[in-house]
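Here is a short note for a colleague opening this structure for the first time. Please keep the sequence and the 3D view side by side while reading.

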Amino acid sequence: MQLSDRAKELIPKARIVSFAAWNNLYSDEVIAIFQAADNRGQYLTDEDLERIQNLVTDNFLMVEQAKLLREQAPNLVANARAKVLAEFPNIAEPGNDLYPPARAEACWRDFWHFLRSVTYGVAGKNPEFLSQEGLKNMELLYQELGVPVPAMLCGLEQLKTVSLQQFSSEEQDLLGLNFDYLITALKQFSQS
């Protein structure tokens, strides 16, 4: 899949995670753990989660929830993908929004990254983990690439639904806030 120069310019700017709102909550050392994982484009490792737990002792439950979401990521993303393909049955066919296959794979990877971003909010007990500048650039990138925002929202809603099913009803409310923060941000894309 050939990318335009504009898309190539926007990709590194479309980093949607920011821990700026966490400065009053956590030490620089804790934030650095989260930032390093985001810089690597990876979920928090067991070592990262253990370090966070040692530095923020009241985060045990949230750390365990983030770990479970990370471990279930392949299944959760596959479920979101299946929902998109069920709701938009021809979307990956020639001439449609997620064709050729490399284009579809890029969208499935976005679900993986969206879930990764949510796990940062879960582990940090703070749903404010988004960069407004990164979101603005992601919106421009999605416009440039013709990403089907309604399909992405469908998949993200499913990602939320199947993720929350992993937890008790008491845990779901707080966890849901992390997904809602991201979903609300992406809903703004379709209104522009």
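1. **The end of α2.** Start at G41, which follows α2 and has a positive phi, near 70°. Helices here are DSSP runs of H or I with at least four residues, numbered from the N terminus. This is a predicted model: local features need pLDDT of at least 70, side-chain atom pairs count only at pLDDT 80 or more, and totals for chains, interfaces and linings use all residues. Residues are numbered from 1 along each chain as its sequence is written, and side-chain values use heavy atoms, with hydrogens and water left out.

2. **The length of α2.** Helix α2 has 13 residues. From first C-alpha to last it reaches 18 Å, close to the 18 Å expected at 1.5 Å a residue. The expected span is 1.5 Å times one less than the number of residues.

3. Which residues of α2 are buried? They are V30, I31, I33, F34, A37 and D38. Buried means under 20% relative accessible area, exposed over 50%, and partly exposed in between, with a 1.4 Å probe and protein chains only. The face turned away from the buried side carries the exposed residues D28 and N39. The cover over the buried residues of α2 includes α3 and α5.

4. **The core.** In soluble globular proteins, nonpolar side chains tend to be buried together. Here the largest nonpolar core has 63 residues. Such a core is a set of buried Ala, Val, Leu, Ile, Met, Phe, Trp, Tyr and Cys residues joined through side-chain atoms within 4.5 Å. F34, L44, F111, F114 and L159 have the most contacts inside this core. The largest share, ten residues, comes from α5.

5. **L44.** Neighbours within four places in sequence aside, L44 is in contact (heavy atoms within 4.5 Å) with I33, F34, A37, L49, I52, R70, Y120 and A123.

6. **α3 against α4.** The axes of these two helices come within 10 Å and cross at roughly 170°. Axes are lines fitted to C-alpha atoms, for helices over the stretch in contact, with angles from 0 to 180 degrees between N-to-C directions. α3 and α4 are therefore roughly antiparallel, a term for angles over 145 degrees. D46, L49, I52 and Q53 of α3 make the contact with F60, V63, E64, A66, K67 and R70 of α4.

7. **N178.** This residue is found in helix α8. N178 counts as buried because its relative accessibility is 2%. Leaving out residues up to four places away in sequence, N178 touches V118, G121, V122, N126, P127 and F129.

8. **Backbone points to check.** Where is the cis peptide bond? The bond from Y99 to P100 is cis, with omega near 10°. P100 lies in the loop between α4 and α5. K125 is not a glycine, yet has a positive phi of about 50°. K125 lies in the loop between α5 and α6. At 34% relative accessibility, K125 counts as partly exposed.

9. **S18 and S131.** S18 lies in the loop between α1 and α2. S18 and S131 are 113 residues apart along the chain, and their C-alpha atoms are separated by 4.7 Å. Beyond its neighbours within four places in sequence, S18 is in contact with E128, F129, L130 and S131.

Methods. Angles under 35 degrees count as roughly parallel, over 145 as roughly antiparallel, 65 to 115 as roughly perpendicular and the rest as oblique.
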